[in-house]
Amino acid sequence: MFQKARAALISALLLAPLVVAAPAASAATAAPSDPQATAATGRVFDWLSHLPGRAGNRVVSGLFGGYSGSAFSLAQTEDLKTQTGQYPGLIACDYGSRGSSTIDSSCNADLKNWSAKGGLVSVSAHMPNPAQPGLQGLYTHLDNFQQLTDPTTTVGAAWQQTLDQIATGLADLNGAGVPVLFRPFHEMNTSGAGAFWWSGQDRATYISVWQYTYRYLTQTKGLHNLLWVYSPLCGTGDRTAYYPGDAYTDVVGLDCYPTDPAAAQGYGELTALHKPFAFAEIGPPNDPTTNVPAPASYDYGRWADAIRTRFPATTYFLAWNDKWSPTVQLGASALMNDRWTVDLGRIDLAAKTDPAGPPRPPAPGTVLEGFENGLDGWGGWQTSNGPWTVNEWASQQSYSLKADVDLTQPEIYLNKVARQDLSAYSTLSVDARTAPWGNQAAGTTAKLYLRSGANKTWYDSGSTVVGPDGAVLTMSLAGVADLTDVEEIGVRFAPAPGASGQSSVYVDNLTATTPASTLGDFETGPDGWGGWQIKNGPWSVTEWAAQGTHSLKADVQLESGEAFLLRHYATPVDLTGNLTLTATARTAPWGNQAAGTKAKLYVKAGANCDWYDSGTYPVDANGTQLYFNLARIPDLTKVCELGVDFVPAAGANGQSSVYVDAMSMR
């Protein structure tokens, strides 16, 4: 994306559903969309496909190197190394040469060198408008978009020339054996000022142009080193409406520049397409007065937190360069050195798991067993030896449970048979691992299970492939009967057909998570909430609700500049141990909202009731879920107030109403 377009393109950020679970790794080799993909390209795709199943070392770091030609440079990559001690695992180049009518691929030399060092590479293209070449044409809507598939037209012939230039650059990389994450026609789901010439097109036509381009480069030009990346802008709608289809796409991603990374919307929609997921561009939003972000004003470390807690299926991210770069902002070291981040030197395409990977961060919940003090009643079935507690591997702290196994056995159990009451919890998770030795064949699978009730009814998480890096097994307790009478908890390992030899299996960090604590559902009244700078209310109403049948409503005067809905505590309360605060906020459809009302969750905490907030999210009549990471608050032992702060836009006027519902913490 060209820098001047940032402010226009990043227009609205609506909060995504809280967490969509990472897809379980598959035992089979994942294949790219191109049946003739090179072996190296297939290995990259397969490796990316399996990253979400790891317990750690699972998100490749990336940095944009610039537009090919005079604007492309690895200088900021070196700056990143100086600041953080790490090179990114992926670098990207754009073949669009700063609004020129031609394509430039001179960055290929650096991409080849990066690939030779074990890194990944990506190529995008701010392609010249075939009807109006030059910088201005990049943002001029192409009305006859369908003609791109017809080389006999003037537009089609110009597009053919551009495709041939792109193909020349990609063929150079193909000849050098370099797999390419190729990202054409990005941010197609925008329109108006700042949108690209290919954006906002008829959906069916866009899809046909993508498919034509795919066939031309892959089949006509014989380029089988490409993994095709589909990446809409996260801040607008229609994120999957332009999806070209599984046979023409390999990776789905989002281009996101939110004030708070946790606000990125579209994750659930994109991961539902069942392709490897990435953040294809990330960075700070623009200052609207300068069209660029202020230096040292944005914390990239918050992306690491958001990926781990909100977007766990992420396989890579690509930070933008120049004034959007982590090197001139904040938090670069936190992002690059996060326990999930895969930097240069840690990419091993020959292994779907990485025994050197660090453990995953603690999940919110109660650790039922960490094996730090012994077996605690755990045993095994069909094991060769053990189990024992060992310190040769652990996903948390120092110890885990280990047993030696014969891989010809159809199933192996590590379990604890003892009555437990899990009625206070909503989910159960555990980290499981296999040793790197032994013939695992297609891979050992594992499932977390429990038996409950007088009949010892079986419930499990479903099978997940596990390897030397470990995998997280998670099961919902929502459908489990007799949670007050759980008789057995364990992990069932199942070697694949054809597996042989001796190996070992490990279990660690059995964790139970409690349901979210409701702070306001307003089903029976205002729940002690009050307001400030409101016109009337608040009341519990049935005209809209995010869940249940009621929400909290207040009438407001939009000229007032601010309208608060507050929760007041008579004395400070201790919220220690809670990690997140969520609520759904809404504005009524009446009144002049001007550029739109925004809202933020806030907490006043500490001895002086200091203010902390989530950052602002646009809200409208559809309702927006707000999310606040409470880990940013240094002292949760004394919380004296929390609530939602609504801020009407400049120029808003007239009367309207605001709503809050489903406030909870976990």
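Biologist: At what angle do helix α5 and helix α6 pack, and how far apart are their axes?

Modeller: Start with the general idea. Two packed helices are described by the angle between their axes and the distance between the axes. Now this structure, which is a predicted model. Helix α5 covers residues 154-175, and helix α6 covers residues 203-220. They pack at an angle of about 45 degrees. Their axes are 10 Å apart. That angle makes α5 oblique to α6.

Biologist: In which hand does α5 pass α6, left or right?

Modeller: The crossing is right-handed.

Biologist: Which residues meet there?

Modeller: From α5, take Trp159, Gln160, Leu163, Asp164, Ala167 and Leu170. They meet Tyr212, Thr213, Tyr216 and Leu217 in α6. By type, the residues of this contact divide into seven nonpolar, two polar and one charged.

Biologist: Now the strands. Which strands pair with β21, and in which sense?

Modeller: Take strand β15, residues 412-420. It pairs with β21 in the antiparallel sense, over seven bridges. Look for Gln420, which stands opposite Val486 in β21. Then turn to strand β17, residues 445-452. Eight bridges join β17 to β21, and these two strands also run antiparallel. Here Leu448 stands opposite Val491 in β21.

Biologist: Is β21 itself mostly covered or mostly open, and how many of its residues are buried?

Modeller: Strand β21 spans residues 486-494 and is mostly covered. Of its nine residues, eight are buried.

Technical notes:
Residues numbered from 1 in each chain as written. Predicted model: local features only at pLDDT ≥ 70, side-chain atom pairs only at ≥ 80, totals over all residues. Heavy atoms only, no water. Buried < 20%, exposed > 50% of the residue type's maximum accessible area, 1.4 Å probe, protein only. Helix = DSSP H or I, 4+ residues; strand = E, 2+ residues; numbered from the N terminus. Pairing = 2+ DSSP bridges. Axes fitted to C-alpha atoms, helices over the stretch in contact; angles between N-to-C directions. Parallel < 35°, antiparallel > 145°, perpendicular 65-115°, else oblique. Left-handed = near helix turned anticlockwise from the far one by under 90°. Contact = heavy atoms within 4.5 Å. Nonpolar A, V, L, I, M, F, W, Y, C, P; charged D, E, K, R; others polar.
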